[in-house]
Amino acid sequence: MKMRACCQSRIQVRRPASRLGWVGWLVPGVVLALVPKCPACVVGYVALATGIGISLPMAAFLRSVLVGVCLVALGVLLARAMRAKRGRA
């Protein structure tokens, strides 16, 4: 079976820019801004949201994980934006 020349060419399809691209930046940014700074506040928020009490060391760990996840998400978004900008230039 022979492939036609049109099937062998590599065509790069560019996706149109998303109108809601800023939402990806907004969610981790807002979560990062609203994360409480003390573990006791994390305990209170978790208790209000779920009705479950957690210990202070667990709250400190949960806060650290949440901050880390937000920073990684923002880093991934930044890397994508830089790669897209480099591709356009």
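Biologist: Which residues make the nonpolar surface patch of about 690 Å²?

Modeller: Happy to start there, with the reminder that this is a predicted model. Helix α2, residues 21-34, supplies the largest share of the patch, seven residues. The patch of about 690 Å² is made by Trp22, Val23, Leu26, Val27, Val30, Val31, Leu34 and Leu66.

Biologist: Is Val31 buried, partly exposed or exposed?

Modeller: Val31 sits in helix α2, and it is one of the residues of the nonpolar patch. Its relative accessibility is 31%. Buried would need a value under 20% and exposed one over 50%, so Val31 counts as partly exposed.

Biologist: Thanks! Stepping back, what pattern does the protein chain follow along the sequence?

Modeller: The protein chain has four helices and zero strands. Read along the sequence, the pattern is therefore written with helix symbols, given the DSSP runs. That pattern is α-α-α-α.

Biologist: Are helices α3 and α4 roughly parallel or roughly perpendicular?

Modeller: Helix α3 covers residues 39-50 and helix α4 residues 56-88, and their axes come within 8 Å. The axes cross at roughly 90 degrees. Angles of 65 to 115 degrees count as roughly perpendicular, so α3 is, relative to α4, roughly perpendicular.

Biologist: Which residues of α3 and α4 make the contact?

Modeller: On the α4 side, the contact is made by Leu56, Ala59, Ala60, Leu62 and Arg63. On the α3 side, the residues are Pro39, Ala40, Val42, Val43 and Val46.

Biologist: Which residues does Leu56 touch, not counting residues up to four places away in sequence?

Modeller: Leu56 has its place in helix α4. Its C-alpha atom is separated by 6.9 Å from that of Val43, 13 residues apart along the chain. With residues up to four places away not counted, Leu56 touches Pro39, Ala40 and Val43.

Biologist: And what separates the C-alpha atoms of Leu62 and Val42?

Modeller: Leu62 is found in helix α4, and at 37% relative accessibility it counts as partly exposed. Leaving aside neighbours within four places in sequence, Leu62 is in contact with Val42, Val46 and Ile54. Leu62 and Val42 are 20 residues apart along the chain, and their C-alpha atoms are separated by 8.2 Å.

Conventions. Residues numbered from 1 in each chain as written. Predicted model: local features only at pLDDT ≥ 70, side-chain atom pairs only at ≥ 80, totals over all residues. Heavy atoms only, no water. Helix = DSSP H or I, 4+ residues; strand = E, 2+ residues; numbered from the N terminus. Patch = residues over 30% accessible without salt bridge, like charges linked within 9 Å, V, L, I, M, F, W, Y side chains within 5 Å. Areas by Shrake-Rupley, 256 points an atom, 1.4 Å probe, with all protein chains shown as cover. Salt bridge = Lys/Arg side-chain N within 4 Å of Asp/Glu carboxyl O. Buried < 20%, exposed > 50% of the residue type's maximum accessible area, 1.4 Å probe, protein only. Axes fitted to C-alpha atoms, helices over the stretch in contact; angles between N-to-C directions. Parallel < 35°, antiparallel > 145°, perpendicular 65-115°, else oblique. Contact = heavy atoms within 4.5 Å.
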